[in-house]
Amino acid sequence: MNQSNDRPGLADLFERFMTEEAAVRGQIDKNARALAQSALARLDVVSRDEFDAQCAVLAKTQARVAELEAMLATLSDRVSAAEQGSTNNP
């Protein structure tokens, strides 16, 4: 088959398609990233480092609360025992 010089061959068309497809794909990727970043900027989110730091603070706080609850229970038991002792001894 003879091709005329003014018509591109199949290889030329394929190469052009691939080049244009890559450009379009790059533009779509760029736009999608910009849209995602814009959406995330409007949300109330924190970085992973800040999240991990807050988790550590929360774990420490929860441990301290448990410790204080145990101390309170012990003190309550002592007060109850002292009150019972004073009511039994007139």
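Predicted model: local features only at pLDDT ≥ 70, side-chain atom pairs only at ≥ 80, totals over all residues.
1. Residues are numbered from 1 along each chain as its sequence is written, and side-chain values use heavy atoms, leaving out hydrogens and water.

2. Back to Met18, which sits in helix α1, residues 10-42. Its relative accessible area is 35%, so Met18 is partly exposed (buried is under 20%, exposed over 50%, partly exposed in between, with a 1.4 Å probe and protein chains only).

3. What does the secondary structure come to? Two helices and zero strands. (Both are DSSP runs numbered from the N terminus: H or I of at least four residues for helices, E of at least two for strands.) The radius of gyration is 36 Å, well over the 12 Å that the globule rule gives for 90 residues, so the chain is more spread out than a compact globule. (That radius is taken over C-alpha atoms, and the rule is 2.2 Å times the number of residues to the power 0.38.) The C-alpha atoms fill a box of roughly 125 × 25 × 15 Å along the principal axes, and 1% of the 90 residues count as buried.

4. Now the salt bridges: the whole structure has three (a side-chain nitrogen of Lys or Arg within 4 Å of a carboxyl oxygen of Asp or Glu). In helix α1, aspartate 29 and arginine 33 are four residues apart, about one turn, and their side chains meet at 3.2 Å, N to O. Aspartate 29 is partly exposed at 37%, whereas arginine 33 is exposed at 54%.

5. Helix α2 (residues 48-88) holds arginine 48 and aspartate 52, four residues apart and so separated by about one helical turn. Their closest N and O atoms are 3.3 Å apart. Arginine 48 is exposed at 58%, but aspartate 52 is partly exposed at 37%.

6. Also in helix α2, glutamate 67 and arginine 64 are three residues apart, with their closest N and O atoms 2.6 Å apart.
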